[in-house]
Amino acid sequence: MSEIKKADIAIVGSGPAGHVAAIQMAKLGLSCVLIGPAHSGTDGRTTALLGSSVRYLERLGLWDQVKEQGQALRIMRLFDDTGRLVRAPMTEFDSAEIGLEAFGYNIGNNKLVAALHQGIGELDDLIQDQQFAVSVKLEDDHASIAMEDGSIWQVKLAIAADGRKSLVKEAADIEMRKWSYPQAALVLNLHHKDQSHNNSSTEFHTPCGPFTLVPYDDANHSSLVCVVTPQEAQELKAMDKDTLAWELEKRAHHLYGKFEIVSDPQIFPLAGMVAKQFYGQRAALIAESAHVFPPIGAQGLNLSLRDIEELAVQIEQALEAGQTDIGHDDILKAYNKARRPDIWSRTAGVHMLNMSLLSSLPVLQGLRTAGLTVAKNFAPVRKLLMKAGLDSPSRFSSIGNYTNE
Ligand SMILES: Cc1cc2nc3c(=O)[nH]c(=O)nc-3n(C[C@H](O)[C@H](O)[C@H](O)COP(=O)(O)OP(=O)(O)OC[C@H]3O[C@@H](n4cnc5c(N)ncnc54)[C@H](O)[C@@H]3O)c2cc1C
């Protein structure tokens with residue numbers, strides 16, 4: 001006979017989104033289990049957390065420990081390196097122009113998860129089950145999640161934070177729109193001892209995709225996301241570190257002087273995916289179980305945090321209205337409706353930006369060039385773009401009492 005354990009909510013998936021979701025739901029006073037193996041610490045990516053994400057993590061009482069691990073992002077520079085006949089001018093966005101000390105902070109994913117993990121220790125209502133879920137059943141009045149050791153979690157709501165190949169999403173039988181790009185991101189960290197990044201990120205737009213340097217760790221380290229064809233990514237990864245450093249230095253137009261590679265390169269194939277709806281019976285989809293797009297404009301996890309915040313708003317409102325069933329369809333439908341515009345517009349926006357680089361269509365290239373030219377020359381447009389990149393037109397100000405006192 002399997003051991004049956006009960007909680008209000010199971011958060012399946014213990015990546016950054018799963019951690020935040022678990023802490024958020026526990027802070028609503030719900031009993032939660034965070035399901036998933038301990039973080040492997042092998043994710044070479046970094047994540048720029050922007051605008052509303054910073055404020056949200058502040059409200060959750062998580063920001064101080066996360067910020068300690070990050071580098072402030074004050075200036076974003078875009079260079080047109082397409083070599084095409086019609087090119088955009090260099091465009092610079094300065095956070096001071098919209099009254100901000102920084103657009104956000106860039107943090108290594110491993111350090112981010114470790115910092116979020118600290119937040120779990122303080123919460124009595126949150127327990128961790130550090131194994132994989134092996135099957136999920138979504139029924140009328142509960143969800144059952146079977147674990148590797150044979151035990152079963154019975155909950156009112158399963159939150160899918162288990163990434164692109166989500167088991168929860170599969171159980172909910174939610175249709176996905178999927179597409180692929182002829183691109184892969186080579187990711188690594190660089191030391192540039194001769195020159196500081198001065199808290200600037202620099203994005204070169206090449207005909208294959210962006211080549212982006214983002215402040216990382218200290219004044220003389222940057223993380224790199226270099227989007228190229230999958231074959232070129234493999235060729236770059238196969239180079240010895242000195243040859244690769246020189247190759248990347250050239251691609252960066254020697255902006256920061258000499259490069260030294262300080263991490264093992266990793267490759268992430270680019271893909272797009274969006275769920276047709278963000279809920280199923282007793283299940284809510286968040287983060288990469290609901291949406292995936294190319295790493296352009298640092299939008300992925302920022303969008304995921306807004307999923308979590310919205311789900312919490314809907315649950316909290318339902319609780320206040322006397323609803324005790326936090327997995328009820330009405331709550332999930334309201335969540336779905338509220339998230340649709342933000343998720344679809346971000347997915348489409350990032351897709352269009354990426355395609356404007358890849359496409360040989362003069363119309364698309366012209367639109368990107370015109371957009372950047374206008375942004376460079378007209379401060380109001382520039383400010384509007386900066387604000388749109390940082391936040392959704394969200395109604396959030398604060399929900400619940402999120403201090404750790
Ligand atoms: C190159 C690159 C750069 C990026 N840069 C940025 C950026 O600057 N800003 C930004 O906002 N976003 C960025 N992103 C996106 C961001 O990295 C992702 O959105 C984020 O890491 C995904 O986190 P997640 O928690 O949704 O998923 P994951 O990190 O994939 O976590 C899923 C978790 O679920 C667990 N899991 C899977 N199956 C099961 C199961 N059956 N049972 C239990 N657990 C399970 C896995 O072990 C894993 O821990 C970038 C992405 C890439 C590729």
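Strand E1 (residues 4–12) and strand E2 pair in the parallel sense over four bridges; pairing here takes at least two DSSP bridges between the strands, and the elements themselves are DSSP runs numbered from the N terminus, helices being H or I of at least four residues and strands E of at least two. This is a predicted model, where local features need pLDDT of at least 70, side-chain atom pairs count only at pLDDT 80 or more, and totals for chains, interfaces and linings use all residues. Residues are numbered from 1 along each chain as its sequence is written, and side-chain values use heavy atoms, with hydrogens and water left out.

Zoom in on that pairing and you'll find Ala10 bridged to Val33 of E2. To get from E1 to E2, the chain goes through helix H1 (residues 16–27), making a right-handed β-α-β crossover (with the strands pointing away from the viewer, the path from the first strand over the helix to the second runs clockwise).

E2 also runs parallel to strand E8 (residues 126–129), joined to it by four bridges, and there Val33 has Ile127 as its bridge partner. Both faces of E2 (residues 32–35) are covered, with Cys32 and Leu34 buried on one side and Val33 and Ile35 on the other (buried is under 20% relative accessible area with a 1.4 Å probe, protein chains only).

Now for the nonpolar cores, sets of buried Ala, Val, Leu, Ile, Met, Phe, Trp, Tyr and Cys residues joined through side-chain atoms within 4.5 Å. The largest has 81 residues, and Ile9, Ile145, Ile286 and Ile315 touch the most other members. Helix H8 (residues 300–320) gives this core its largest share, eight residues.

Terms used
Buried < 20%, exposed > 50% of the residue type's maximum accessible area, 1.4 Å probe, protein only.
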